[in-house]
Amino acid sequence: MAVNLSKNGPALTAAYKEVVDEKSNTNWVLFTYEGNSDDIRLAEKGDGGLEELVEELNSGKVMYAFCRVLDPNSGLSKYVLINWTGEGVKDARKGICANHVSSIGNFLKGAHVTVNARADEDVEPEVIMQKVAKASGANYNFHKEASSRFQDSGPQGPVGSVYQKTNAMSEIRKTNKDNFWAQAEKEEEKRQKEERRKADEERKLLETERKDRETKEAALRDKRDKERSSQIDQQKKYQQKQEDESKEQEKQRWEEKEEDQAAQKKAVKRGESVEKANEAASVISQRALNPREMFKQRERGMTPSDSDVPPAAPASPQPEPDVDDGQSRCEYGEQEAAPQEQWKEEAPAANVHVQEPAYEEPTQVEEIKSCEVTPEETSEKGTCARALYDYQAADDTEISFDPDEIITGIEMIDEGWWRGYNPDGHFGMFPANYVELM
């Protein structure tokens, strides 16, 4: 930092002027720093000359002294500036204060001799006065030599000259010396160029290595990114596959569940149909009159009576049992065969009370009617029903049909037996519990 002379400027200037003023008794002044700051203050002043000034210098401080002395040669006033740096001052402080010497010299103008002192030997009054005498420019005493100035001193010696004889060898050596230095300069320039060239090559080599390294690092990063992307894609595919498999399994479970529910509904429906068929069969078996005989008698125009027809249970239809249940199939065959045998046994008994010709002619008429009557002969379909089970006609007075086929033109001649047209156009009787009305 720069030295600060403005803080105590008036006191410093006044002390300096007292020393410069030859009428003043003060012939020396001493300045120093305020603590470790850069502010200059007045330390001491006096009129005892160099001897008194030297006693005030402190070996642990940096100080500046300005003193007025008399030139021993001319007897005129001379001014001495002493920059004192004690031996006990720290090196860091010495370095900082060394930059303040020029500012102090500009402030204390007019110094003829400047002394940079570090020890007592450098500020001995005799040493300082010798420096003042040498700096005065005249190494004689005007008053002592004024009387002998015009005395004849005898013959004078030859007058000196600045001429020097030319020496060829010296000139050659001088030329060689110049050539040597010129050559040295050229070699130095060449060496510098070579160093710059090597530095450029080395810099280019380092740049190339750096670019290669960056290229390799970029390639490695791209490779890692591709591997990571591939892993992510595989993971996504695997997750998608797992999701598809889980969806497929869920779909299969749902379909199996639907099939189970459908099978259960079908079983329940089949059970209900079997119960209805059994119930219808039991009701029909309790009747004293065979519906088939009644139908035949109606065709013949006869009215049956309880005395003419013996009480017998007609053949009752049974629903088709499950294919997988062998026992039910056997039972169904037995149940179907029993009513047929019973009907065959009852037929002769009925014919005992009816004449033979009267019985055969209506049968032929019935067969002709069941074979020749078609759905086109009727003006409209009438009552319709959908088949729930398949039924095979026992004789020509009945019709056959399969499940879901439509029976049209239905006449409800009895509670358990109806008659109508099957899809083939045949007209005949069928069990009522094998169909449902539409």
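Aspartate 200 and arginine 203 meet in a salt bridge with 2.5 Å from N to O; the term covers a side-chain nitrogen of Lys or Arg within 4 Å of a carboxyl oxygen of Asp or Glu. This is a predicted model: local features need pLDDT of at least 70, side-chain atom pairs count only at pLDDT 80 or more, and totals for chains, interfaces and linings use all residues. Numbering runs from 1 along each chain as its sequence is written, and side-chain values use heavy atoms, with hydrogens and water left out.

Both partners sit in helix 7 (residues 168-285), and because they are 3 residues apart, about one helical turn separates them. Helices here are DSSP runs of H or I with at least four residues, strands are E runs of at least two, and both are numbered from the N terminus. Aspartate 200 comes out partly exposed at 29% relative accessibility; buried means under 20% relative accessible area, exposed over 50%, and partly exposed in between (1.4 Å probe, protein chains only).

Helix 7 also holds arginine 210 and glutamate 214, 4 residues apart or about one turn. Their side chains form a salt bridge at 2.6 Å, N to O. Arginine 210 is partly exposed at 30%, and glutamate 214 is partly exposed at 40%.

## Other salt bridges

The whole structure has 14 salt bridges. One of them pairs lysine 45 with glutamate 18, with the closest N and O atoms 3.1 Å apart. Lysine 45 belongs to strand 2 (residues 40-46) and glutamate 18 to helix 1, so this contact ties together parts 27 residues apart in sequence. Lysine 45 is partly exposed at 36%, and glutamate 18 is partly exposed at 27%.

## Aromatic contacts

On the ring side, a search of the whole structure turns up 10 aromatic pairs. Rings of Phe, Tyr and Trp (its six-membered ring) pair if their centres lie within 6.5 Å; planes under 30 degrees apart are stacked, over 60 edge-to-face, and the rest tilted. Tyrosine 16 and phenylalanine 107 make a tilted pair, 6.3 Å centre to centre with 40 degrees between the planes. Tyrosine 16 is in helix 1 (residues 9-20) and phenylalanine 107 in helix 4 (residues 101-107), so the pair bridges 91 residues of sequence. Tyrosine 16 is buried at 16%, while phenylalanine 107 is partly exposed at 23%.

Tyrosine 391 and tyrosine 434 have ring centres 5.4 Å apart and planes at 75 degrees, so they count as edge-to-face. Tyrosine 391 and tyrosine 434 are both buried. They also belong to one aromatic cluster, whose members include Trp418 and Phe430.
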